[in-house]
Amino acid sequence: MLYLVATPIGNLEDITLRALKILKNADIIACEDTRNTQKLLNHYEITGKKLISYHEHNEDKMSDKIIEYLQDNLEVALVTDAGMPCISDPGYTLVRKIKEQGLSVTALPGANAGLTALVSSGIESYNYTFYGFLPRKSKDLKQKLEFILKEKTTSIIYESPHRIKNLVTEITKIEPTREISVAREITKMFEQIETQSAENILDRLGEDIKEKGEFVVIISPNKVEEDKEINLEDIVEIIYNKVQNGEKKSEAIKNTAKEFGINKKEVYSLYHEKYD
């Protein structure tokens with residue numbers, strides 16, 4: 001039997017009793033990094049375990065070796081450095097091959113950064129799509145974000161601290177008023193989860209939102225009806241009427257742009273061309 005064992009994503013207490021039991025009883029533990037797994041085992045005083053490396057660079061070769069262990073009736077636990085195996089981590093290749101061999105696999109529920117960030121964000125969580133890490137190349141990233149921002153479901157994205165500002169910058173270029181959430185250091189002492197418009201999050205990155213730790217970015221669903229064409233002239237008239245009714249011009253422009261999901265600067269320019 002292969003067991004897919006979720007491990008803590010930051011706080012070592014976030015592991016189930018069942019997971020600890022499996023790790024204690026497994027004949028072999030396949031690890032993304034044996035050094036990280038050994039720290040976890042040491043913390044819970046689990047000793048005498050055979051650890052083998054299983055990571056993205058040796059998945060094919062080690063999958064065949066693990067299948068041999070299973071065919072010899074050994075119990076194998078698969079763990080990654082943090083979170084659930086197969087979710088932006090090694091494991092899929094092994095599970096696929098085991099299924100093809102007619103062998104048994106069971107997954108133990110546990111810590112997952114994406115879902116933890118989602119339910120803490122305040123963004124709609126009934127329907128969502130997990131994208132993991134997006135492309136690094138600028139052109140590919142832009143194309144992917146343009147697709148994501150049109151989606152009617154919430155999106156979950158992983159990003160490194162070195163690229164988080166670039167990611168939020170690209171979102172802001174496309175749709176600055178879209179509500180997003182950034183979560184960092186999840187379950188750790190300095191956990192931070194902030195939900196605002198993309199442009200506001202961008203302004204705060206590097207300031208009170210430190211670019212440290214792995215990030216989870218949640219993007220709210222697209223609420224603009226595709227078949228409803230936005231007439232900018234009509235929007236300018238809406239702003240004008242709000243101003244005539246006593247609302248501050250800057251607030252009227254900001255709120256209306258957000259309501260229709262369009263660029264505030266573009267609306268500002270059109271308004272001033274017509275009325276200033």
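# Strands and helices, term by term

Me: Strand β8 and strand β10 (residues 215–219) pair in the antiparallel sense over 5 bridges. What makes two strands count as a pair?

Reply: This is a predicted model. Two strands pair if at least two bridges are found between them. β8 and β10 have 5 bridges. They therefore count as a pair.

Me: Why is β8 called largely enclosed?

Reply: Buried means under 20% relative accessible area. In β8 (residues 179–184), 5 of the 6 residues are buried. The strand is therefore largely enclosed by the rest of the structure.

Me: Which strands stand at the edges of the open sheet, and why?

Reply: The sheet has 5 strands in the order β6-β7-β10-β8-β9, with mixed pairing. β6 (128–133) and β9 each have a single partner strand, so one side of each is left without a neighbour in the sheet. That puts β6 and β9 at the edges. From one strand to the next, the twist averages 15°.

Me: How are β6 and strand β7 joined?

Reply: β6 and β7 (residues 154–159) run parallel and share 5 bridges. Phenylalanine 130 stands opposite isoleucine 156 in β7.

Me: Which strands do helix α5 and helix α7 lie across?

Reply: α5 (residues 113–121) lies across β6, β7, β8, β9 and β10. α5 runs at about 50° to β10. α7 (residues 164–174) lies across β7, β8 and β10. α7 runs at about 10° to β10.

Me: What makes threonine 177 count as buried?

Reply: The cut-off is under 20% relative accessible area. Threonine 177 has 10% relative accessibility, so the residue counts as buried. Threonine 177 is found in the loop between α7 and β8. Beyond residues up to four places away in sequence, threonine 177 touches Ser197, Glu199, Ala257, Lys258, Gly261 and Ile262.

Me: Which residues of α9 meet which residues of α10?

Reply: From α9 come Ile235, Ile238, Ile239, Lys242 and Val243. From α10 come Lys249, Ala252, Ile253, Thr256, Glu259 and Phe260. The residues of this contact divide into 7 nonpolar, 1 polar and 3 charged.

Me: What makes α10 oblique to α11?

Reply: The axes of α10 (residues 249–260) and α11 (residues 264–275) come within 9 Å and cross at roughly 130°. Oblique angles include those between 115 and 145 degrees. That makes α10 oblique to α11. The crossing of α10 and α11 is right-handed.

Me: Which residues form the contact of α10 with α11?

Reply: Lys249, Ile253, Lys254 and Ala257 in α10 meet Lys264, Val267, Tyr268, Tyr271 and His272 in α11. By class, the contact of α10 with α11 has 5 nonpolar, 1 polar and 3 charged residues.

Technical notes. Residues are numbered from 1 along each chain as its sequence is written. This is a predicted model: local features need pLDDT of at least 70, side-chain atom pairs count only at pLDDT 80 or more; totals for chains, interfaces and linings use all residues. Side-chain values use heavy atoms; hydrogens and water are left out. Axes are lines fitted to C-alpha atoms, for helices over the stretch in contact, and angles run from 0 to 180 degrees between N-to-C directions. Helices (H or I, at least four residues) and strands (E, at least two) are DSSP runs, numbered from the N terminus. Angles under 35 degrees count as roughly parallel, over 145 as roughly antiparallel, 65 to 115 as roughly perpendicular and the rest as oblique. A crossing is left-handed if the near helix is turned anticlockwise from the far one by less than a right angle, and right-handed if clockwise. Contact means heavy atoms within 4.5 Å. Ala, Val, Leu, Ile, Met, Phe, Trp, Tyr, Cys and Pro count as nonpolar, Asp, Glu, Lys and Arg as charged, and the others, Gly among them, as polar. Buried means under 20% relative accessible area, exposed over 50%, partly exposed in between (1.4 Å probe, protein chains only).
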